[in-house]
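Here's a quick briefing to read alongside the model. Have the sequence and the 3D view open as you go.

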Amino acid sequence: MSTAAGGRSAEWFFDFVSPFAYLQLEQFGKLPASLRVEPRPVVLGAILAHWGQKGPAEIAAKRAFTYRHALYRAQKLGIAYRMPPAHPFNPIKALRLAIAMGGSLDVVTRIFRYIWRDGLDAATPEGFAALCRAMDFAEGVEAVEAPAVKQALRDNTDRALSLEVFGVPTFALEGDLFWGEDATDLFVDCVNSPAWLDSPEVRRIGALPIGVQRS
C-alpha cells in the first residue's frame, strides 16, 4: 500500500481481466506519498451487467482496437507487457486469490504481473494452480473456495456499485470517480489540487442537461 499521511485515502477498484488496470497499477509511483490506496478487487462482468453494458471484448471491432491500444499504451509508457494466452478469461479465482492472501498492494501487483507482464494463464485449472505456486501459496486452490473469500468479493463489487462505479480501473476519492488508465494524471492532479473539481467550469459541465435520450 501507499504510505498513509494526511488522512486522505482512495479506493482503487480493479479486475485482473483488465489490461488497463495493470497499466495503471504500474504507474502508482506517480501517486502522492501522502495518499493511502485501498485495492478493491471486483467482478467487472457484474458491474457491466448492472449498467446494461457490453465489455470491450464482446464487440469484435472494439476487441481488436482495445488490444492494440493497451499494447500501444504499454509501449509508450515503457511498461513490460505481454497478453495472456486467451482473453477475455475468467478472473474470478485470481480475484479471490488476492483476497485470500490478504489483498495487499504487493499481492495484487504480483498477480497482475504474472498475467500481464509475463503473459501467463491464470484461468484454467492448471494455470491457476501454477499461479498459486508462483505466489508461494499452493493452498490457494482450496482457499479461494472459502465462503468468506467469496463473500468478500461480492461485498467489494456491491461497494463499487454503491459508489456508481461503472468500469475498471476506477479510483474513488471523497465522492469523485476517476475511471480508466488514461485518467491517471487527472486523478493525481485532483489529489494535489482538489480545488479544480470545484471550479466554475467543472461544476457547469457536471450539471449540463441531457439534450436527447434513446428510447
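Setting aside its neighbours within four places in sequence, Tyr-81 is in contact with Pro-19, Tyr-22, Leu-23, Ala-70, Leu-71, Ala-74, Trp-116 and Arg-117. Keep in mind that this is a predicted model.

**Tyr-81**
- You'll find Tyr-81 in the loop between α3 (60-77) and α4 (92-100).
- Tyr-81 has a relative accessible area of 16%, so it counts as buried, the cut-off being under 20%.
- Ala-183 sits 102 residues from Tyr-81 along the chain, and their C-alpha atoms are separated by 20 Å.

**Helix α4**
- Buried residues in α4 are Ala-94, Leu-95, Arg-96, Leu-97, Ala-98 and Ile-99.
- The cover over those buried residues includes two strands, β1 (8-14) and β2 (35-41).
- Helices are part of that cover too, including α5 (105-117), α6 (125-134), α7 (140-143) and α8 (147-162).
- After α4 comes Gly-102, with a positive phi near 105°.

**The largest nonpolar core**
- The largest nonpolar core has 60 residues, and Trp-12, Phe-16, Leu-97, Ile-111 and Phe-112 touch the most other members.
- α5 supplies the largest share of this core, at eight residues.
- Take Ile-111: leaving out neighbours within four places in sequence, Ile-111 is in contact with Phe-16, Ala-94, Leu-97, Ala-98, Leu-131 and Met-135.
- Among those partners of Ile-111 are Ala-94, Leu-97 and Ala-98, which are also on the list of buried α4 residues.
- As background, nonpolar side chains tend to be buried together in soluble globular proteins.

Terms used:
Residues numbered from 1 in each chain as written. Predicted model: local features only at pLDDT ≥ 70, side-chain atom pairs only at ≥ 80, totals over all residues. Heavy atoms only, no water. Helix = DSSP H or I, 4+ residues; strand = E, 2+ residues; numbered from the N terminus. Buried < 20%, exposed > 50% of the residue type's maximum accessible area, 1.4 Å probe, protein only. Contact = heavy atoms within 4.5 Å. Core = buried A, V, L, I, M, F, W, Y, C linked by side-chain atoms within 4.5 Å.
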